[in-house]
Amino acid sequence: MTLTPTRPRADLHAHGISKSFGSVRALTGVDLVLPAGQVTALMGENGAGKSTLLKILTGDYQPDAGTIEIAGRPVSFATPIDSRGAGVRVIAQEPEIVPFVSVAENIYVGALPSRAGVVSQRDLRERAAADLARFGFEGFLDPATRGIDLSPAQRQMVEIVRALIDDPQIVCFDEPTSSLSDAETRMLFDLIARLRAEGRAVGYVSHRMAEIFEIADTVTVLRDGALIGNRAVAETSVNEVVRMMVGRDLSAMYERNRQVPGEIALELESVSTRDVTEISLTVRRGEVVALAGLVGAGRTELALAIAGDRPVTAGTLKVHGTAHRFTSPADAIAAGIGLAPEERKADALIMVRTVRDNIALAVLDTLSRFGFVNRRDERKLAERYIAALRIRTPSMGQLVQNLSGGNQQKVVLARWLARQTDILVLDEPTRGVDVGAKAEIYAITDDLAAKGVAVLVISSELPEVLGLADRIVVMREGRVTGELDHADATEERILTLAIADHLSSEGA
Amino acid sequence: MTTTLAKHAPAPGQESRERPIARALRTVGVQNISLIAAIIALAAAIGSQNSAFFLASNIKTIGMAVTISGLLALVQTVVIIMGGIDLSVGSVAGLASVTSAMIFMNAGSAASLVGALAIGAVCGVISGCIVVFGRVTPMIATLAGLIAFKGVAQLVSNGRAQGYTGADPFYAFLARGTLLGVPTLIWVLVLVAVLIHVMLSYTKVGRNIYAVGGNDTAARLSGININRYILGVFALAGTIAALAGILITARTGSGQPISGSEGLEFQSITAAALGGVALRGGKGSIGGTILAVILLGILLNGMSLLGVNPFWQNLAQGTLLVAAVVIQQVRNGERRVGLPK
């Protein structure tokens, strides 16, 4: 094997790492050990502090307190360059790829091999081809392909090769498999096994329990910015790890007051758009329906179509029995549909405006007379929803950008509550939200359903789907593959519907 | 209230105990207080060199001089808050100036006023349509307008000043008249400033303009027809630019295709940036822009009073724009380009 390390084996020890952003504590006294020749899985829910910890290892963030040692020597990373120099590389989940240059140039970006300042494209391609072969990617990546033409998996591979040509002793992967097919995942695992055999320290962040138990030696669990514990994979179980991650009884979090659903509020009959095909589903008043499936199954695209932001090309969308064809979100809102989109910062919130402005955004017409906004009514409205949803903000005049993820999400919900929409589409409502706020968002959802709102929740977290939904509609590759009642649903059954064919076609 | 509520409320950048001075700072805004301080300092510096600066006649001169660029700065503020920029306002003013004089010669002052404003509105709608339907960024769409509208002004006038409005009572009143001892020109600026301020701060339309500039996707998904707002705001910018053009005609007594309006787009952007309008949109106020317009007016007036070579004025304005934007970026904690954070 040509992947011989040139540096000595090195363990990484981080002690008592703390990091705050403003008054939000992202990490509190966390210890992390990445021993050479082992794969250490770093687990925790969204917002547990994994990404912050990785960014401290790359030198993107500086810790407020704590020390890092590599091979017993203390190091400090003021910039990513320092971290790389010390032999640490983190493979980003969404790598930066230069769109209009070749894979070869993307691999060596920043340090293009040149002679007297002249880059020889031929040398570059040959070197890239050799490096790709060295890491076992030769069949998957052509050095001449342009960055813009790469699939997410190929972009990931470019990032991996970029990192490994520096011969790092400590390699961390940040959710590397989220965009990979099974065959690609298999290849990555082979590579990780090699890195481990060569005596490198491997850190591995993932949400996928099965992967952890397959490739990791130890599991380190974080929760709410604190270290919960380390376990040898051989001596622990999925249940124990989940308990450590969640830190509370899951069933209490998902307490639902299930209703007998009312009449049909939203009905899709063979609805197709550019991204989804012949979707049929119904959501009744007082019912929570979950849309489950893998990332890329077309759920977000369907949500946007329901909210009037993507054209429906075929089929019928009925609201309270009346067929509609929306041409803009304004039409859908007028029909009583609200959407809390997946990318809350990019698509839902006006970060530079206040909590009050954001809550009132969709109801300015009802708060206005002759075009003038009644500020007293607006304040009362904001006050009411800040109290009702327990939005933690020093005042309604605070800018939304200064709120935590959970409180930002509550502002988005408050906007639609203020609008009194009777059909609500929530796309990944708890992504990037801490456990406490998560429970509150579940309670709000339950309360809305109890008041007769029809709720459609898109979620990639199976426990959330199982805990929250009355019915579960599963999508795969733009189509509905099945529907389960909450009483019959299990993680396995949902997953089978979400990926079954995917697996068999991969195998062929 | 700040002490009790702030305790359980994580809010980075917000002090838990506010002193009265800090509270005053927050109400008026650091930006505006710095501008007022700069105006006082600049006035003191110029006045100490040349006492003629503080004469009522000179202050009136400053007021009249800033009216035209001030009007453009006001609408530029609205366009930038909405997340756009309008580089064509100067050219639209020039086009409105020549056409107002030409219509005046044929149909009188009322028709010239209405006609020129309508031409301005059409120019704005054209820019807006290019942005909305051509999916072109406002910067490029209005850069094209900057050149093209100037070309139209030159074509219709053959590149020469047009008509004579100096003897018309309406135009004379605009140029030299006073109301309650204050020049009409200044009244026009104040009136437009108040109207735009009321629109931005108190109406649904104004609030939605901030929303579109702050996050257009969020605005669209909240039911705001953003295309209509883009078209409307560009039409407003064209109309007010045309009003500025009419004032150019009034002051010079004839329609000017280029002189008197060239470079005004730049002054208007400088004033807006200096006044604290975020160039990314969503943030800013008319008050800040007005203060910046006054600051710029005093600076230019002072430079000519002190006999500074007029070519320095361009350099001073360019420097101010850079300084204003640098301060904005630093205060927003922007990442430096090309450097790791």
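I began with strand β11 (residues 264-272) of chain A and strand β12 (residues 279-284) of chain A, which pair in the antiparallel sense over five bridges; I count strands as paired if DSSP finds at least two bridges between them, and I take helices (H or I, at least four residues) and strands (E, at least two) as DSSP runs, numbered from the N terminus. Within this pair A:Val271 stands opposite A:Ile279 in β12(A). The hairpin of β11(A) and β12(A) has six residues between the strands, and A:Glu278 takes a positive phi near 45° there. I then followed β11(A) to strand β14 (residues 314-319) of chain A, to which five bridges join it in an antiparallel run, with A:Glu269 opposite A:Thr316 in β14(A).

**Basis and confidence**

I keep in mind that this is a predicted model, in which local features need pLDDT of at least 70 and side-chain atom pairs count only at pLDDT 80 or more, while totals for chains, interfaces and linings use all residues. Residues are numbered from 1 along each chain as its sequence is written, and chains are lettered from A and ligands numbered from 1 in the order in which they are written. Chain A averages a pLDDT (the predictor's confidence in each residue, from 0 to 100) of 86, and 94% of the residues score at least 70. Over residues 502-508 of chain A the pLDDT is below 50, and I note five contacts of this stretch beyond near neighbours in sequence, a contact being two residues whose C-beta atoms, placed from the backbone, lie within 7 Å. Where pLDDT is low, the predicted coordinates should not be read in detail.

**Domains**

I read chain A as domain 1 (12-91 + 167-246) and domain 2 (262-507), with bounds that come from an automatic or database domain assignment. The C-alpha centres of the two domains of chain A lie 33 Å apart.

**Sheet with β16 and β22**

I traced an open sheet of six strands in chain A, with mixed pairing, in the order β16-β19-β20-β13-β21-β22. The edges are β16 (337-340) and β22 (479-485) of chain A, each with a single partner strand, so one side of each is left without a neighbour in the sheet. From one strand to the next the twist averages 20°. Helix α10 (residues 299-306) of chain A packs on this sheet, touching β13, β16, β19 (423-427), β20 (454-458) and β21 of chain A, and its direction makes about 150° with that of β19(A); axes are lines fitted to C-alpha atoms, for helices over the stretch in contact, and angles run from 0 to 180 degrees between N-to-C directions. Helix α16 (residues 405-419) of chain A also packs on the sheet, touching β16 and β19 of chain A, at about 175° to the direction of β16(A).

I looked again at β16(A), where A:Ile337 and A:Leu339 on one side and A:Gly338 and A:Ala340 on the other are all buried (20 or more other C-beta atoms within 10 Å of the residue's own, with C-beta atoms placed from the backbone). Four bridges join β16(A) to β19(A) in a parallel run, and A:Gly338 has A:Leu424 as its bridge partner.

**Sheet with β6 and β10**

I found six strands of chain A in another open sheet, in the order β6-β7-β8-β3-β9-β10 with mixed pairing. In it, strand β3 (residues 39-43) of chain A runs parallel to strand β8 (residues 201-205) of chain A over four bridges, and A:Val39 is partnered by A:Val202.

Definitions and conventions
A residue is buried if 20 or more other C-beta atoms lie within 10 Å of its own, exposed if 12 or fewer, and partly exposed in between; C-beta atoms are placed from the backbone.
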